[in-house]
Amino acid sequence: MKKVLVVDDSALVRKQLKGLIEGIGFEVDIAKNGQEGVDKALSDEYVVITMDVNMPVKDGLTAVKEIMTKKPTPILMVSSLTSEDAPTTMEALENGAVDYVAKPGTFNVGLSSTGDDLIEKITMLSKMSRRKLERNMRALATRARSITKHEPAPVHVGSSTDVDKVLLIGASTGGPGLIEDICAKLPATSKLTVFVVQHMPEKFTAAFASRLARVSNLPVMEAEHNREIAPGNIYIAKGGRHMHFAKKVSGKILLRLEEAQRERFFKPSVDEMMLSSLEVFDPKKITAVLLTGIGDDGAEGMVKLKQRGAYTIGESENTATVYGMPKVAYDNGGVSEQLDFPDILNKLATLK
């Protein structure tokens, strides 16, 4: 039977996670702190490790770094959805953790919703090949060497009526690092207006936007309700709300942070952004990219964008950490071109 290691200093959380994971057919081992987690990870074989962020003896971030250096294993961070945990969780992803889930009971995120998310991610990550995990680690090392952090670029102030070409990006599991690569690669002279949906909770997207701003050649900001867009800026969808667009009689285009008219599992949703974009932008001036992620969010939007004349790119199975979202889009006929991520990066850097 495949084994999962649960690392958490809370006996209640260990019990909750153990019950959920055993319920889907895995054997579960437990560790009460980061040091114990490292020791067990290095001495046994686990298909997935769940890792708490704040623990005694050795914290989750330090444990992730040690495990991913010595014995790469798919690690799922178990984080409270707070502004305090967000930067540490983002750093854990930069050091090799594959994804994260909400800690049970965090800010009214009940065990049911947490459980559904956990089960889906554990199941998917347990199938992740050693080859793909090692490739991800090489990509992380390359990113660390090649990306230089700097002061954020000043926000471009202009009129939304001057917006010409638009880039829409959607991602989930495995996406943050790829979006960082894109932001670092787009030239400072680009007049693209870029909109990004990365599946993240409310407290995480501000920290994510802040991290991106320090590697991006273009200004990066978290989306704000009723903000007028301007060419040359990158807007990150705010967690907990959908990023929509609205065009005023004057022709100005505003961002809207909205509830969905139909039920969506993810908030923000890639589909919501893509479908809303068709209401305000010329589809022939839209490039849409769907990257790695569990599920099918973005597939509907990609199909409709392509049908209306947009150019749509899906990440290939070869490089996607989880070939879920881009696979559904491809299978449904929503992908103009399917590319490995390095080729996506090179193509986007040439967009004017």
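The side chain of D297 reaches the backbone nitrogen of V270, at 2.7 Å, and I would like to start there, keeping in mind that what we are looking at is a predicted model. The side chain of D297 also makes a polar contact with the side chain of S269, and here the distance is 2.9 Å.

Is D297 buried or exposed? Its relative accessibility is 5%, and because buried means under 20%, D297 counts as buried. Leaving out residues up to four places away in sequence, D297 touches H199, F266, P268, S269, V270, D271, L290 and M325.

Which residues of α10 are buried? They are A299, G301, M302, V303 and L305. As background for reading such a list, an α-helix has 3.6 residues a turn, so residues three or four places apart point the same way. The cover over the buried residues of α10 includes β6 (166-171), α9 (270-277), β12, β13 (311-315) and α11 (325-331). Just after α10 comes G309, which takes a positive phi of about 110°.

In soluble globular proteins, nonpolar side chains tend to be buried together. The largest nonpolar core in this model has 71 residues, and M51 and L291 are the ones with the most contacts inside it. Helix α8, residues 202-213, gives the largest share of this core, which is six residues. What does M51 contact, once its neighbours within four places in sequence are set aside? The list is V7, G60, A63, V64, I67, I75, L76, M77 and V78.

My last topic is charge. Side chains of opposite charge can pair when their charged atoms come close. Searching the whole structure gives 21 salt bridges, and I will go through a few of them.

In one, the side chains of D181 and R143 meet with an N to O distance of 2.9 Å. Because D181 lies in helix α7 (residues 175-185) and R143 in helix α6 (residues 130-146), this pair ties together parts that are 38 residues apart in sequence. Both partners are buried, D181 with a relative accessible area of 15% and R143 with one of 10%.

In another, K238 pairs with E222, and their closest N and O atoms are 3.8 Å apart. K238 sits in the loop between β9 (234-236) and β10 (242-247), while E222 belongs to strand β8 (residues 220-222), so parts that are 16 residues apart in sequence are tied together. Here K238, at 22% relative accessibility, counts as partly exposed, whereas E222, at 18%, counts as buried.

A further salt bridge joins K347 to E337, with the closest N and O atoms 3.6 Å apart. K347 is in helix α12 (residues 341-349) and E337 in strand β14 (residues 337-339), ten residues apart. K347 counts as partly exposed at 29% relative accessibility, and E337 counts as partly exposed at 26%.

Finally, D8, D52 and K103 are linked in a network of salt bridges.

Terms used. Residues numbered from 1 in each chain as written. Predicted model: local features only at pLDDT ≥ 70, side-chain atom pairs only at ≥ 80, totals over all residues. Heavy atoms only, no water. Buried < 20%, exposed > 50% of the residue type's maximum accessible area, 1.4 Å probe, protein only. Polar contact = N/O pair within 3.5 Å; in protein donor to acceptor, adjacent residues only side chain to side chain. Contact = heavy atoms within 4.5 Å. Salt bridge = Lys/Arg side-chain N within 4 Å of Asp/Glu carboxyl O. Helix = DSSP H or I, 4+ residues; strand = E, 2+ residues; numbered from the N terminus. Core = buried A, V, L, I, M, F, W, Y, C linked by side-chain atoms within 4.5 Å.
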